[in-house]
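Subject: Two-chain model for you

Hi,

Here is the structure I promised to pass on. My notes follow below it.

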Amino acid sequence: MPIYDQGYRRYEARAPLRKARFWPITREALRLVLLRRWFLVLLTFPLGVFLWYVGRIYLATQIPEFGRILPADGRLFGEFLNVEIVFTILLSIFGASGLVATDLRTGAILAYLSRPLTRRDYVLGKLLVPLFLNLAVTLVPGLLLYGVGLSLAPALFLKWELAWIGPAIVAHAFSISLVVSLLTLAISSLSRSTRVAGLGLFGMIAGLEMMRLILQFAFRQKYAMLLSVQADLRAIGVALFGLTDRNLAVAWGWAALVLALLSLACLAVLRSRVRAVEIVT
Amino acid sequence: MGEVRTPLVEFDDLAVSYGLVQALAGVTGAFLPGPTGLLGPNGAGKTTLLKTLLGFLTPDRGRMTAFGKDPTREPLEVRRRLGYMPEQDCHIPGMTASAFVAFAGELSGLPRDEAISRAHEVLYYVGLGEARYRNVETYSTGMKQRVKLAQALVHDPDLLLLDEPTNGLDPQGREEMLALIRDIATRRGMSLILCSHLLHDVERVCDQVIVLNQGQIARQGEMRELTGARKQVFDVRFKGDATAVLTDLKDMGADWREGDDGVRLFLPEGQGPETVFRVAQQCGVQVRRLRPGAETLEDVFLRALGHEIQD
């Protein structure tokens, strides 16, 4: 007897389409990423940086001399987030570079787009994956660090004039996470191989940073910093938290403009690459 | 008097192109409830028609409606009532079959619990009950085809679109898949469009058929109309000039066309090899070889197109 005689039940209920149609995409992709043990190990590296900064706040409250060498003030949070940029890039390379590439390779893109989903739902669902991962190493520890600062050293941080720190952490964490996530997803959509997409992302970020260093130090081109995604992101942090970095001497507005244009370019790439039908003319 | 059935899908003067390549050139037709075959050689426009129905492609001209809605303007409303089994591979690496099918159900709008429950039922139905906790990547081609069918069925669509469902299957797997599809159409009462370049597949499952050729509808109607007038086919090689034999056979209602190695004869009902031998003898022509042939899709197309085969 054929096995399919075991039955098939018709399903009559038709609920209205939910608003957050992207959510199952994000949830399942995050679940698959977090199933990898080595990725969880990778997630602990930023924790080490977080603990170092907690230690700095603690030591600054306990040993005034230490505070004079490494001061604990509003700038500390900017420094912390600028260090975390490297981890957002690493997490994106290892956790999210295959998000679209794999779907293109395995044909899963059709499994998504033949459903009652728009391309926007698909992109949003996928974009939230690196965004959540990146916020987990920027926004969450950034706000936690601020909380630690407020509780350990209220004399240093619990002041009206430092109330900007919280919003600045949120703004900088989102700018880092959003730009890196968009870039990851756009590069992922340009390949059918996770490895190629990961290498592409690394190559682009590292290559531009090297080009910046060469142009800036060998040829004294100060606007060369605009070439580097990392430098542009750091420049935003420098502006938000009042840091000083003579290598990022260009006005932050230019960096913000470059990042905005880069984000728009990423959206354009995603718009052209995320399709159920590949049209070759 | 025959029952009047409201078409699920209608298209009128539908033209779709990929850049400069015209895939559908102003086709007009309808898909009625029940199993319908979409038959045609590779590149005929079958998949393009399905993808237009799914709202992936915007027609250059003409209109299409599915369940009374325009797939270009209301793609989500149309897609939630469709189940699509694509021709190519379609799975998410790292997912088990049950997780993948449940996920597909959820994407189609089912509540999570219901999607999980239905995923198990549907996987049993397609014969993957025992293997449902295995990663889809480890499946054989036949099992992957079944998973694709399961993900298309999980939300119980009103119309199932099957694009070359027997691709890559061995003869047994192919028969099982066709039996399953036939069961979906007949016993479960689900309408489906079976897109194939294999006449046998469509013949096994479908009552209605639309034959596409070079972006145009060559024929549409009842399957039996297309295959009912099927003739007996023989591949024959004559020694010498066989024009007289072929002319006499044509007068008796036979068709013929040049084959790869001789002549392909299409004899009407009631005629057999003895007719060929008899006419050949009367004309003084020797039959060097005669063997039964199978009617090919090309033969059916030629007839569907109304071509005089011997032209």
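**Chain A**

Chain A has 13 helices and zero strands. Helices here are DSSP runs of H or I with at least four residues, strands are runs of E with at least two, and both are numbered from the N terminus.

Before the rest, some ground rules. This is a predicted model, in which local features need pLDDT of at least 70 and side-chain atom pairs count only at pLDDT 80 or more, while totals for chains, interfaces and linings use all residues. Residues are numbered from 1 along each chain as its sequence is written, and chains are lettered from A and ligands numbered from 1 in the order in which they are written.

The C-alpha atoms of chain A fill a box of roughly 85 × 45 × 35 Å along the principal axes. Of its 281 residues, 44% are buried. Buried means that 20 or more other C-beta atoms lie within 10 Å of the residue's own; exposed means 12 or fewer, partly exposed is in between, and C-beta atoms are placed from the backbone. Take the contacts in chain A with a separation of 6 or more: 76% of them come from residues 24 or more positions apart. A contact needs C-beta atoms, placed from the backbone, within 7 Å.

Look at α1(A). This helix has 12 residues and reaches 16 Å from first C-alpha to last, close to the 16 Å expected at 1.5 Å a residue. The expected span is 1.5 Å times one less than the number of residues. Its buried residues are A:P24, A:I25, A:E28, A:A29, A:L32 and A:V33. They sit on the same side of α1(A), because they cover an arc of only 160 degrees around the axis. The arc is taken over the directions from the helix axis to the C-beta atoms. These residues pack against α2, α4, α5, α6 and α7 of chain A, together with α3 of chain B.

**Where the chains meet**

30 residues of chain A are in contact with 39 residues of chain B. On the chain A side, α1, α5 and α6 each give two or more residues. The largest share, four residues, comes from α6(A). By class, this side has 18 nonpolar, seven polar and five charged residues. Nonpolar covers Ala, Val, Leu, Ile, Met, Phe, Trp, Tyr, Cys and Pro; charged covers Asp, Glu, Lys and Arg; the others, Gly among them, are polar.

**Chain B**

Chain B has 11 helices and 13 strands. Its C-alpha atoms fill a box of roughly 75 × 45 × 45 Å along the principal axes. Buried residues make up 46% of its 311 residues.

One open sheet in chain B has three strands, in the order β2-β1-β4, with antiparallel pairing. Pairing requires at least two DSSP bridges between two strands. β2 and β4 of chain B are the edge strands. Five bridges join β1(B) to β4(B), and B:V9 stands opposite B:A66 in β4(B). Helix α1(B) lies across β1, β2 and β4 of chain B, at about 110 degrees to β1(B). Axes are lines fitted to C-alpha atoms, for helices over the stretch in contact, and angles run from 0 to 180 degrees between N-to-C directions.

Last, α9(B). B:V245, B:L246 and B:L249 are buried there. The face turned away from the buried side of α9(B) carries the exposed residues B:T243 and B:D251. The buried residues of α9(B) pack against β10, β11, β12 and α10 of chain B. After α9(B) comes B:G253, with a positive phi near 100 degrees.

Best regards

Key. Two residues are in contact if their C-beta atoms, placed from the backbone, lie within 7 Å.
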